[in-house]
Amino acid sequence: MTRPDRPASAAVSDDALFGPEAADYARYRPGLPDAAVHLLAATQHGVPAPVLLDLGTGTGQVPRALLPVLHRLAHSDLVNVNASMLKSARAALEPVRGACTVDVFTGAAHDFAPAAPGRAPTLITRSWSFHWMAHPKVLSMADRVSAPHAVVAIMGDGSLWTHQADWTAALRALIQSYLGEDRRAGTRGTHAGPARSYEDNLTDSAFTEVAEHSFPLTRAWAPKDVLGYLRTTNFARPALFAGHHPEFETAALRLLQDHADGGVLKEDAVFTVLLARRPGGDA
(Lines give C-alpha, C1' and ligand atoms only; values in the text may rest on other atoms or scores of the structure.)
Protein backbone atom coordinates (compact mmCIF):
# COMPACT_ATOMS: atom_id res chain seq x y z
CA MET A 1 0.00 0.00 0.00
CA THR A 2 1.33 3.42 -0.92
CA ARG A 3 1.77 5.39 2.24
CA PRO A 4 2.69 8.95 3.23
CA ASP A 5 6.31 9.64 4.07
CA ARG A 6 7.13 9.72 7.74
CA PRO A 7 8.32 12.89 9.46
CA ALA A 8 12.07 13.18 9.87
CA SER A 9 11.76 15.06 13.16
CA ALA A 10 10.35 13.72 16.42
CA ALA A 11 6.60 13.20 16.40
CA VAL A 12 4.62 16.35 17.11
CA SER A 13 1.44 16.31 19.16
CA ASP A 14 -1.75 16.31 17.12
CA ASP A 15 -3.03 18.82 19.66
CA ALA A 16 -0.28 21.25 18.60
CA LEU A 17 -0.94 20.54 14.94
CA PHE A 18 -4.69 20.56 14.58
CA GLY A 19 -6.33 22.03 17.67
CA PRO A 20 -7.40 25.33 16.07
CA GLU A 21 -8.42 23.62 12.80
CA ALA A 22 -10.95 21.07 14.12
CA ALA A 23 -13.91 22.84 12.48
CA ASP A 24 -12.10 23.11 9.14
CA TYR A 25 -11.09 19.44 9.43
CA ALA A 26 -14.69 18.37 9.84
CA ARG A 27 -15.85 20.54 6.95
CA TYR A 28 -13.12 20.13 4.34
CA ARG A 29 -11.46 16.73 4.78
CA PRO A 30 -12.78 14.16 2.27
CA GLY A 31 -14.64 11.24 3.78
CA LEU A 32 -14.59 7.54 3.01
CA PRO A 33 -15.93 6.27 -0.33
CA ASP A 34 -19.21 4.38 0.00
CA ALA A 35 -17.60 1.19 -1.33
CA ALA A 36 -14.98 1.30 1.43
CA VAL A 37 -17.66 1.85 4.08
CA HIS A 38 -19.61 -1.19 2.89
CA LEU A 39 -16.39 -3.24 2.82
CA LEU A 40 -15.74 -2.37 6.47
CA ALA A 41 -19.32 -3.21 7.40
CA ALA A 42 -19.05 -6.57 5.61
CA THR A 43 -16.08 -7.58 7.80
CA GLN A 44 -18.54 -7.69 10.71
CA HIS A 45 -20.86 -10.22 9.13
CA GLY A 46 -21.71 -12.80 11.77
CA VAL A 47 -20.60 -10.57 14.66
CA PRO A 48 -23.73 -10.04 16.80
CA ALA A 49 -22.61 -6.83 18.53
CA PRO A 50 -19.64 -5.24 16.71
CA VAL A 51 -17.31 -2.94 18.63
CA LEU A 52 -15.33 -0.30 16.72
CA LEU A 53 -11.97 1.09 17.79
CA ASP A 54 -11.12 4.09 15.60
CA LEU A 55 -7.53 5.25 16.05
CA GLY A 56 -6.66 8.83 15.15
CA THR A 57 -10.38 9.42 14.76
CA GLY A 58 -10.09 13.13 13.98
CA THR A 59 -13.64 14.44 13.82
CA GLY A 60 -15.15 10.94 13.70
CA GLN A 61 -15.43 10.43 9.95
CA VAL A 62 -15.11 6.63 10.13
CA PRO A 63 -17.78 5.91 12.78
CA ARG A 64 -20.04 8.56 11.28
CA ALA A 65 -19.90 6.77 7.93
CA LEU A 66 -20.29 3.29 9.44
CA LEU A 67 -23.24 3.87 11.75
CA PRO A 68 -25.93 4.23 9.03
CA VAL A 69 -24.65 1.04 7.35
CA LEU A 70 -23.64 -1.14 10.29
CA HIS A 71 -26.81 -0.82 12.37
CA ARG A 72 -25.68 -3.49 14.83
CA LEU A 73 -22.66 -1.46 15.94
CA ALA A 74 -22.90 -1.66 19.72
CA HIS A 75 -20.00 0.51 20.86
CA SER A 76 -17.35 2.85 19.46
CA ASP A 77 -14.06 3.83 21.08
CA LEU A 78 -12.61 6.99 19.56
CA VAL A 79 -8.91 7.67 20.10
CA ASN A 80 -7.04 10.89 19.40
CA VAL A 81 -4.37 12.96 21.09
CA ASN A 82 -6.41 16.08 20.40
CA ALA A 83 -9.28 16.90 22.77
CA SER A 84 -10.82 19.43 20.34
CA MET A 85 -11.07 16.77 17.65
CA LEU A 86 -12.70 14.32 20.07
CA LYS A 87 -15.23 16.93 21.14
CA SER A 88 -16.13 17.50 17.48
CA ALA A 89 -16.35 13.74 16.89
CA ARG A 90 -18.74 13.25 19.81
CA ALA A 91 -20.96 16.05 18.59
CA ALA A 92 -21.01 14.66 15.04
CA LEU A 93 -21.98 11.17 16.21
CA GLU A 94 -24.71 12.16 18.64
CA PRO A 95 -27.49 12.56 16.04
CA VAL A 96 -26.72 9.25 14.29
CA ARG A 97 -25.40 6.89 16.97
CA GLY A 98 -28.77 5.45 18.03
CA ALA A 99 -28.13 2.72 20.62
CA CYS A 100 -24.39 2.70 19.97
CA THR A 101 -22.44 3.83 23.02
CA VAL A 102 -19.36 6.01 22.56
CA ASP A 103 -16.24 6.45 24.65
CA VAL A 104 -13.32 8.75 23.89
CA PHE A 105 -9.67 8.28 24.80
CA THR A 106 -7.35 11.28 24.70
CA GLY A 107 -3.82 10.04 24.19
CA ALA A 108 -1.46 8.08 21.97
CA ALA A 109 -3.04 5.17 20.11
CA HIS A 110 -0.64 2.60 21.52
CA ASP A 111 -1.67 3.55 25.08
CA PHE A 112 -5.35 2.78 24.53
CA ALA A 113 -7.17 0.36 26.83
CA PRO A 114 -10.96 -0.27 26.88
CA ALA A 115 -12.75 1.69 29.58
CA ALA A 116 -14.96 -1.24 30.52
CA PRO A 117 -14.74 -5.05 30.32
CA GLY A 118 -16.60 -6.85 27.55
CA ARG A 119 -15.78 -4.25 24.92
CA ALA A 120 -13.04 -6.00 22.98
CA PRO A 121 -12.89 -4.36 19.53
CA THR A 122 -13.99 -6.47 16.60
CA LEU A 123 -13.01 -3.81 14.05
CA ILE A 124 -9.97 -1.55 14.44
CA THR A 125 -9.68 1.26 11.92
CA ARG A 126 -6.85 3.66 11.18
CA SER A 127 -7.08 6.07 8.33
CA TRP A 128 -5.14 9.14 7.23
CA SER A 129 -3.35 9.72 10.56
CA PHE A 130 -1.71 6.27 10.81
CA HIS A 131 1.64 7.55 9.51
CA TRP A 132 2.00 9.59 12.72
CA MET A 133 1.69 6.52 14.94
CA ALA A 134 4.28 4.10 16.32
CA HIS A 135 3.20 1.18 14.14
CA PRO A 136 4.70 -1.80 16.05
CA LYS A 137 3.38 -0.49 19.37
CA VAL A 138 -0.06 0.20 17.91
CA LEU A 139 -0.31 -3.28 16.39
CA SER A 140 0.83 -4.82 19.67
CA MET A 141 -1.90 -2.88 21.49
CA ALA A 142 -4.44 -4.04 18.90
CA ASP A 143 -3.46 -7.66 19.51
CA ARG A 144 -3.72 -7.18 23.28
CA VAL A 145 -7.18 -5.57 23.42
CA SER A 146 -9.09 -7.02 20.47
CA ALA A 147 -11.40 -9.99 20.01
CA PRO A 148 -9.89 -13.15 18.46
CA HIS A 149 -11.75 -12.57 15.19
CA ALA A 150 -10.96 -8.84 15.02
CA VAL A 151 -10.21 -7.12 11.73
CA VAL A 152 -7.63 -4.35 11.42
CA ALA A 153 -8.28 -1.88 8.60
CA ILE A 154 -5.58 0.56 7.45
CA MET A 155 -6.79 2.92 4.76
CA GLY A 156 -6.22 6.14 2.91
CA ASP A 157 -5.52 7.78 -0.41
CA GLY A 158 -2.59 10.14 0.02
CA SER A 159 -3.09 13.90 -0.09
CA LEU A 160 -3.16 16.83 -2.48
CA TRP A 161 0.59 17.14 -1.90
CA THR A 162 1.20 13.71 -3.43
CA HIS A 163 -1.53 13.86 -6.09
CA GLN A 164 -0.16 14.25 -9.62
CA ALA A 165 -2.05 16.82 -11.67
CA ASP A 166 -1.19 20.17 -13.25
CA TRP A 167 -3.09 22.12 -10.61
CA THR A 168 -1.65 20.22 -7.64
CA ALA A 169 1.89 20.60 -9.06
CA ALA A 170 1.39 24.36 -9.36
CA LEU A 171 -0.10 24.53 -5.86
CA ARG A 172 2.78 22.48 -4.43
CA ALA A 173 5.30 24.84 -6.09
CA LEU A 174 3.52 27.84 -4.55
CA ILE A 175 3.64 26.26 -1.08
CA GLN A 176 7.35 25.53 -1.58
CA SER A 177 7.99 29.15 -2.55
CA TYR A 178 6.83 30.11 0.95
CA LEU A 179 8.00 27.16 3.06
CA GLY A 180 10.97 25.64 1.20
CA GLU A 181 11.40 22.64 -1.06
CA ASP A 182 10.94 19.96 1.60
CA ARG A 183 7.46 18.99 2.61
CA ARG A 184 6.79 20.33 6.09
CA ALA A 185 5.71 17.98 8.87
CA GLY A 186 4.37 19.48 12.04
CA THR A 187 5.74 22.65 13.56
CA ARG A 188 9.44 22.13 12.89
CA GLY A 189 10.23 19.01 10.91
CA THR A 190 10.10 17.82 7.33
CA HIS A 191 9.08 14.52 5.76
CA ALA A 192 11.81 11.99 5.10
CA GLY A 193 11.73 9.15 2.57
CA PRO A 194 9.38 6.21 3.00
CA ALA A 195 10.07 3.90 5.92
CA ARG A 196 8.65 0.36 6.11
CA SER A 197 5.42 -0.31 4.29
CA TYR A 198 2.22 -1.02 6.16
CA GLU A 199 2.33 -4.57 4.80
CA ASP A 200 5.79 -5.14 6.31
CA ASN A 201 4.60 -3.90 9.70
CA LEU A 202 1.59 -6.20 9.54
CA THR A 203 3.83 -9.14 8.64
CA ASP A 204 5.67 -8.62 11.93
CA SER A 205 2.43 -8.37 13.91
CA ALA A 206 -0.24 -10.84 14.97
CA PHE A 207 -2.39 -9.74 11.99
CA THR A 208 -0.58 -11.49 9.16
CA GLU A 209 -3.50 -12.41 6.88
CA VAL A 210 -3.73 -9.30 4.71
CA ALA A 211 -5.99 -8.46 1.78
CA GLU A 212 -5.77 -5.24 -0.23
CA HIS A 213 -8.80 -3.53 -1.74
CA SER A 214 -8.57 -0.51 -4.06
CA PHE A 215 -11.36 1.89 -4.94
CA PRO A 216 -10.78 4.46 -7.71
CA LEU A 217 -12.61 7.71 -7.12
CA THR A 218 -12.94 11.19 -8.55
CA ARG A 219 -13.36 14.29 -6.43
CA ALA A 220 -14.45 17.72 -7.60
CA TRP A 221 -12.94 20.53 -5.55
CA ALA A 222 -14.03 24.15 -5.46
CA PRO A 223 -10.99 26.45 -5.13
CA LYS A 224 -12.15 27.79 -1.74
CA ASP A 225 -12.62 24.25 -0.45
CA VAL A 226 -9.01 23.45 -1.36
CA LEU A 227 -7.92 26.39 0.80
CA GLY A 228 -10.00 25.02 3.67
CA TYR A 229 -8.43 21.59 3.22
CA LEU A 230 -4.90 23.06 3.20
CA ARG A 231 -5.55 24.72 6.55
CA THR A 232 -5.98 21.22 8.07
CA THR A 233 -2.75 19.72 6.70
CA ASN A 234 0.64 19.36 8.32
CA PHE A 235 2.32 20.81 5.20
CA ALA A 236 0.31 24.03 4.74
CA ARG A 237 -1.15 24.97 8.12
CA PRO A 238 -1.56 28.72 8.69
CA ALA A 239 0.99 28.75 11.54
CA LEU A 240 3.78 27.61 9.20
CA PHE A 241 3.63 30.82 7.15
CA ALA A 242 4.99 33.17 9.84
CA GLY A 243 2.40 35.89 9.28
CA HIS A 244 2.24 35.46 5.50
CA HIS A 245 -0.74 33.11 5.41
CA PRO A 246 -3.29 35.70 4.16
CA GLU A 247 -0.89 36.56 1.35
CA PHE A 248 -0.43 32.87 0.54
CA GLU A 249 -4.19 32.20 0.47
CA THR A 250 -4.76 35.13 -1.88
CA ALA A 251 -2.11 33.80 -4.27
CA ALA A 252 -3.36 30.21 -3.92
CA LEU A 253 -6.96 31.18 -4.64
CA ARG A 254 -5.92 33.03 -7.79
CA LEU A 255 -3.83 30.03 -8.91
CA LEU A 256 -6.64 27.55 -8.26
CA GLN A 257 -9.22 29.69 -10.05
CA ASP A 258 -6.92 29.90 -13.07
CA HIS A 259 -6.63 26.09 -13.18
CA ALA A 260 -10.29 25.35 -12.50
CA ASP A 261 -12.47 24.12 -15.35
CA GLY A 262 -15.92 25.61 -14.89
CA GLY A 263 -15.01 26.43 -11.30
CA VAL A 264 -14.03 22.82 -10.55
CA LEU A 265 -10.66 21.17 -9.86
CA LYS A 266 -10.61 17.45 -10.56
CA GLU A 267 -8.78 14.91 -8.41
CA ASP A 268 -8.53 11.28 -9.55
CA ALA A 269 -7.42 9.14 -6.63
CA VAL A 270 -7.38 5.56 -5.41
CA PHE A 271 -8.61 4.82 -1.90
CA THR A 272 -6.84 1.74 -0.57
CA VAL A 273 -7.98 -0.46 2.32
CA LEU A 274 -5.75 -3.11 3.87
CA LEU A 275 -7.76 -5.65 5.87
CA ALA A 276 -5.69 -7.74 8.27
CA ARG A 277 -6.65 -10.65 10.51
CA ARG A 278 -4.90 -13.14 12.73
CA PRO A 279 -4.41 -16.49 10.98
CA GLY A 280 -7.73 -18.34 11.12
CA GLY A 281 -9.40 -15.26 12.56
CA ASP A 282 -12.60 -15.21 10.54
CA ALA A 283 -15.72 -14.36 12.51
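Which helix does His245 lie in? Select residues 245-259: this is helix α10, and His245 lies in it. Helices here are DSSP runs of H or I with at least four residues and strands are E runs of at least two, numbered from the N terminus.

The model is predicted, so local features need pLDDT of at least 70 and side-chain atom pairs pLDDT 80 or more, while totals for chains, interfaces and linings use all residues. Residues are numbered from 1 along each chain as its sequence is written, and side-chain values use heavy atoms, without hydrogens and water.

Stay on His245. Its relative accessibility is 11%, so His245 counts as buried (under 20% relative accessible area; exposed is over 50%, partly exposed in between, with a 1.4 Å probe and protein chains only). Now show Arg231, Ala236 and Pro238, which His245 touches when residues up to four places away in sequence are not counted; contact means heavy atoms within 4.5 Å. Between the C-alpha atoms of His245 and Arg231 there are 9.7 Å, and 14 residues along the chain.

Next, colour by pLDDT, the predictor's confidence in each residue from 0 to 100. The chain has a mean of 87. Confidence is highest in α10, at 98, and lowest in helix α1 (residues 14-18), at a mean of 45. Select residues 2-18 to see a stretch where pLDDT stays under 50.

Last, the lining of the largest cavity: select β1 (51-55) and α4 (61-66), each of which supplies at least two residues.
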